[in-house]
Amino acid sequence: MTSMDRRLQLIYDMTESTNTIADVGTDHGYLICSLVQGGKAKQGIATDINKLPLESAINEITKLNLQDKIITYLTDGLRSVEEDIDSVIVAGMGGELISKIIVDSDYKAHSERMYYLQPMTKPHLLRQFLFDNGFVILEEKCTVAGNRPYSVIKTKWTDTKESYSLYDLYMGKICVDTDSYAREYILKIIEQTDKKIFGLKHNQDREEYLKYKELCDKLKSQINM
């Protein structure tokens, strides 16, 4: 199979076997090719909004002789895609853009779909979108690639809205006790929240300050800081 970094490998490992899977923003096509090659998907859909990355994916697909199993689309998200899709991967984008792509995918009409999401930035906003719109986070794991920690979210729309805390927005379903990379992920969040706390303290927004101070203290206690 195509060589992948830890970030893509984690998405691959978390993906369940399915009939047709779409990789939105496929870039070089490494992940979608590996999923089809590895037998995790019978058919793949590779989409990208930019021509050059899609051409790279097409070259990879052709090199591996997967043209009859992977269909490519130059499109935004899943627009123009005609095939029935069971699973969707949206990786390597900001949390807000991933949320928009999910909205545009008409998720309520496809409640059977599984989504695998890997936000590069603002994962807390992506989790908030999921919680607010009836998605259930089934699993979430961390990894480190290029000296940066990331998480991958496995989720499905069930139209069930659960209550959530600030901690849930920043940690999701990551299991601190069993996830090998949870410490690195938590350290990243602590760094971000420390900066936010500093700003809130000087803006004299005491209520928000106390909320984020409590979050930061809880995170530090989990890794014995």
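User: By class, what does the lining of the largest cavity have?

Analyst: Sort the lining residues first: Ala, Val, Leu, Ile, Met, Phe, Trp, Tyr, Cys and Pro count as nonpolar, Asp, Glu, Lys and Arg as charged, and the others, Gly among them, as polar. Here that gives 4 nonpolar, 2 polar and 2 charged residues. Bear in mind that this is a predicted model, where local features need pLDDT of at least 70, side-chain atom pairs count only at pLDDT 80 or more, and totals for chains, interfaces and linings use all residues. Residues are numbered from 1 along each chain as its sequence is written, and side-chain values use heavy atoms, with hydrogens and water left out.

User: Which residues line the largest cavity?

Analyst: A cavity is a set of points, on a 1 Å grid over the protein atoms alone, where a 1.4 Å probe fits but cannot get out; lining residues have an atom within 4 Å of a point. In this case they are P123, H124, R127, Y170, Y185, K188, I189 and Q192.

User: Which helix gives the most to that lining?

Analyst: Helices (H or I, at least four residues) and strands (E, at least two) are DSSP runs, numbered from the N terminus. The top contributor is α7, with 4 residues; α5 (123–132) and α7 (182–203) each supply at least two.

User: How many cavities of 30 Å³ or more are there?

Analyst: The whole-structure search finds 2. Volume is the space filled by probe spheres set on the points, with grid points joined across faces, edges and corners.

Terms used. 1 Å grid on protein atoms, 1.4 Å probe; cavity = no way out; pocket = protein on both sides within 12 Å on 5 of 7 lines; lining within 4 Å.
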